[in-house]
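Thank you for making time for this. I would like to walk you through one structure, starting from a single residue and then widening the view to the chains around it.

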Amino acid sequence: MKSKTSVFDTGIFKNLLKRFWPVFLVYFIVLFTSLPGELARPSNGLGYRFSYQVLWQAVTGTKIAILAGAGAAMCMFSFMYTQKGTGMMASLPVRRETVFVTSYIAGLVPIVAVNVIVFLFMLVYEVSQGAVYPGFLFTWLAAVTLADIFYYSFASLAAQLTGSLIVLPAVYAILLMTCTVVEECFIKLFDIFLYGYAPGARKLSFLSPPAYFEQKVTVESNDFFYDYSSIKPMVCSFKGMGVLAIYALIGLLFAYLALRLYRKRRMETATDIVSIEILKPVFKYCLAFGCALAASDYFGGSFIPENAPNIEKLAFILFVMIVSAFIGYFAAEMLIKKSTRVFKASWKGFVPVACVLVLFCTLLNADITGFEENIPEAGEIESVEFDYGNTVLKNAENIEKALEGHRAIVRNRPENTDPYGGPGYYVIRMTYKLTNGKEMRREYTLVEDETAAANKAFDSAINSREGKHFRFEPLFGITGDTGYGCNINVNWYDVEKARYESDYTYLSGDQFKEFVYSCLIPDLENTSLGDAILFYNEETGRKLTTIGVDIYEKNAVVMDAASKYMYMQVSTDARHTLDWIRENTDFIIITSAENDANIPVSEGWATDGNAVPVYAEEAIID
Amino acid sequence: MIEVKKLVKTFGDFRALDGLDINVPSGAVYGLVGPNGAGKSTVIRHITGILKQDSGEVKVDGEDVYENTAVKARIAYIPDDVFYYTQASVNDMMKFYRDMYPKFDMERFSSLGKVFGIKTSSPVRKLSRGMQKQVAFWLALSMRPETVVLDEPVDGLDPVMRRQVWNVLLSDVAENGTTVLISSHNLRELEDVCDHVGIMNKGKMMIERNLADLQESLVKVQLALPEGKSVPDGLDILHMSELGHLKTIIVRGSTDDVTGKLAAASPMFIDVLPLTLEEIFVYELGGAGYEVKDISI
C-alpha cells in the first residue's frame, strides 16, 4: 500500500524514464564521444597523455553539464508548462512534494548513471590494456557528477520561475550569467564616465557559475618535458574539485528551494512567462534595467569616441539607455499581460525607470564621489604596483615619483584629444596598496606629448633600481654558483627578412655563472638593460631585441618548482651582455650603425645619455 | 457529496469565482450549466484539487480536496481536453493510473474493454478525439471512483457511444451510489441524465435545484385572450411572445398558481406546455442580463 508520507512515486518515476530515455542516450553519446572517444585517438590512449586528457575531459564534462542539466530539467518538469499536463498531474492522488521529488530524482539518476557507465567502461578498457589509473577516472566521475548536480538543480529551480517551456532555457541561461554580465556593464559605464577608472578583480563571478568554473576548474601540470614516448602518465592535477563540491551542495539547496516554490506554485500559471506573482514586477524592472545596461555596454563601446566631451557622452548614453529600457520594460509588460495593449495602463511604471537612469548617469558623470581627483597621500601608501612586469615599488622615493606622475595626469587631463591619433600612446595601470588594507586602482591612456611630466615620472619609478630588482628578482636572488642552469633566447626583428627571428641556447656551469654574474647583473644594475619601455608600438617593436632567461635547477627531470622566466629589452649600453653573447654564442644579431633605423636594440626610453654606439656591422656572433 | 462554500478565485484582475456555493448530494448526478466564462471549468479544477482557492471551502465527502491524496484517490476527473503522454498506449496509461489509484479494478478494465472495443496497444494520441474520450471513460470508470467529475464529457462521441457511456456511468451511480458532477453545454443530454442542476453566471450560482423542482418552478403557457383583455398583473413573467391572438408566456411559479391567475382573464384557450432545461437556462439567464438578442444583420 502506498504510504501517505512517501515523497517518491514509482509510477511517475518509471513513466518519466520511459518517456525521456532518448535525452539521456544523447547525453551518454556526448560523454562517450568526449572521453573514451577522445582517448581512442591514436595520439592519446593510455600512455603519457592519458592523465592530462582524462582530467581535461573532466573540465569539459563540467561544461557539458550546463546543457545536460537544462535538458534534464526541461524534460522532467515539462508537465508544468501546459494546462492539460498540469491539470492531469495536479489531479492525481499524489502530494506535490512527491511529484517534485520524484521528477527531480528521475532527472538526476539517469545523468549520474550515464556518468558511472562511462566511468566503468573506461575502467574496463584500462584493465584490458593492462594499465590501471583509477584515480584520474574517479576525478573525472566526481567532477562531472558534481557539476551535473549543480546545474540540474539550478535548472530545476529556474523551471519553477516560469510557466513556459520555451522560456525556461532563457531563464536558466540568464540567471547563470546575469551577475557577470551586469558587472561587466557597470564596469563599462564607469569606464565611460570616470577618467582613470580601472576595474579590479571581478567580484561577482562566483554568482555566475560557468564563468567562475572557467577560472577555478582547470588542470595544472608542472611536467615540462613532455615525454610523449613515456607509458607513465604525465604528472598533472585537477584543480577546482572543492569549488565543484561546494556548488553541488548549493545546488541541493536550490533543489530544496525549487521544491518549496513548487509546493506554492499556482497551477494556472502554466504558459505564463513568469509563474510567481511577486516576481512579475521584478522581471519587468530587471528587463528594463538589463536592456539599458546591455545597450550602454554595446553602444558605449562601439559608438562613443574616447575623447568625446563628457556632455556628449552623457547625452548619447542616456538616450541609448532610456530607449532600451523602454523597449525592455514594455516587452516585459507585453509578455506578462500576453497583450500588446499595455502602454496606456502601464506607462506610469516606466517613469521611475527613466528617472533612475537619468539620475544615475548624471551623478556618475558629475563624479560626485570625487573619484577622478582622488589621489592618496604618500603616507597612506604601502606600495604601488605598475602593470609593467608587475613592478611593485615600496621605496618612498619611488612612491613619490608615482604620485608625481599621477598628479600630473589629473592636473593635465587631456580634453578632447584622441590618444590613438597622436605620435604614440600607452596605457598605464597602477594599483596603490594602502596602509588601511584597501586598494586603489587607476588606468590612464596617455598621449606621449601632452603628459610628458607623467611619463617621465612613471619611467623613472618603473625603471628605478628597485623596479628592476623587483622585475628580475630571480636573477638577483640566485645564491651559490652551482645547481642552476638556464636557457637564454634572443628575439629580434630581421630588417632584411622583414620578420621576427629568435634563437636560443642552454647555459650551465661556468658559462651560466659568467653570463649571469659578470654580464646580466652588472648591466641590469648599471645600464638601461631591462628598462621597461612605456611607448611600445610597431616602430619600437622593430627596434627591440629581447633576451629571455629561463632559470631552473640544473639536471631537474620534473620541476616541482616552476622555472623562473624573465625577459628584458636589450639596450645599446648593455656592453657586457652583448659582448658575451657575441663571443660565446652563435646567435645572429643584426646590427647596423650605418642605418639607425635598423638598430635592433632598444635605445632605452630614458637612458642616461651614455648609450654606447651600436655594433658597426652585421655579423654572425660566434 | 461535494460542498463548495463561498469560493473565490481571481486570475490577475479577473474574478473568475465570486463567492460560489455548490452542493452536490451523494449519489446525485449534478449538471452544472452556465454561459461561457461563467466559471464552470474553474470550479471543477478546484473540486479536483488542481487549483487552490483564494478563499472559501471545497470539500468532497466532508474533507478538503486540495493536497488531500486520500480524497483525490476517490475522484475520477475527465477534462474537456484529456491529457495523454506522447506515444503512450492505452495499456501504458492503464499501468500509470493503476499505480496511482489504489482501487483501480483490472477486472473492470477488462470488461469495459469489451464495451469500448479499443486495442490496449493503440497509441492513445493517434486515436480520434472521440476515441480518446472513450479511453478516458474506460480508465476513469476502472478506478472505481466514488466521485466522478466530467467537463464536457461526451463532446466528440458518436450518439451510440454517448448512450453507451451514459449507461455505464448511470449504472455505476445506481449500483455504487457514485456522485457525478457534469459540466456541459449540451442541456438536452443533461436533462436526460441529471437529477440536480446548478446554473452559474459570472462566478456565482444563480439557481441550484433538483431538476424536477426547477422544471416546476417555471411554467410555459400558451393562451388566447378575448378581445380587449390582457395578461393579468401579479405574474412574474420572464418572457412573452405573440403570434396573432396566441400568446406564449414563461412565468415563474407553480402550474396551479399561474393558471389560476390567468383564469381571471377568461382565456378562450389555455395550455400548459413542458419546459425543457434549455428553455429554463435561456429564460433564467435572460432575466440575469444574458438574454438572446434580437439582432437584424
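Let us begin with R471(A), which is found in helix α15, residues 465-471 of chain A; helices here are DSSP runs of H or I with at least four residues, strands are runs of E with at least two, and both are numbered from the N terminus. Before going further, please keep in mind that this is a predicted model, in which local features need pLDDT of at least 70 and side-chain atom pairs count only at pLDDT 80 or more, while totals for chains, interfaces and linings use all residues. Residues are numbered from 1 along each chain as its sequence is written, and chains are lettered from A and ligands numbered from 1 in the order in which they are written.

Is R471(A) buried or exposed? R471(A) is buried, because 24 other C-beta atoms lie within 10 Å, and the cut-offs are 20 or more for buried, 12 or fewer for exposed, and partly exposed in between, with C-beta atoms placed from the backbone. Its C-alpha atom is separated by 44 Å from that of M321(A), 150 residues apart along the chain.

Chain A as a whole has 19 helices and twelve strands, and buried residues make up 38% of its 622 residues.

Turning to the partner, 22 residues of chain B are in contact with 20 residues of chain A, contact meaning C-beta atoms, placed from the backbone, within 7 Å. On that side of chain B, α3(B) gives the most, with three residues.

As for confidence, the predictor gives the complex an ipTM of 0.87 and a pTM of 0.83.

Terms used. Contact = placed C-beta atoms within 7 Å.
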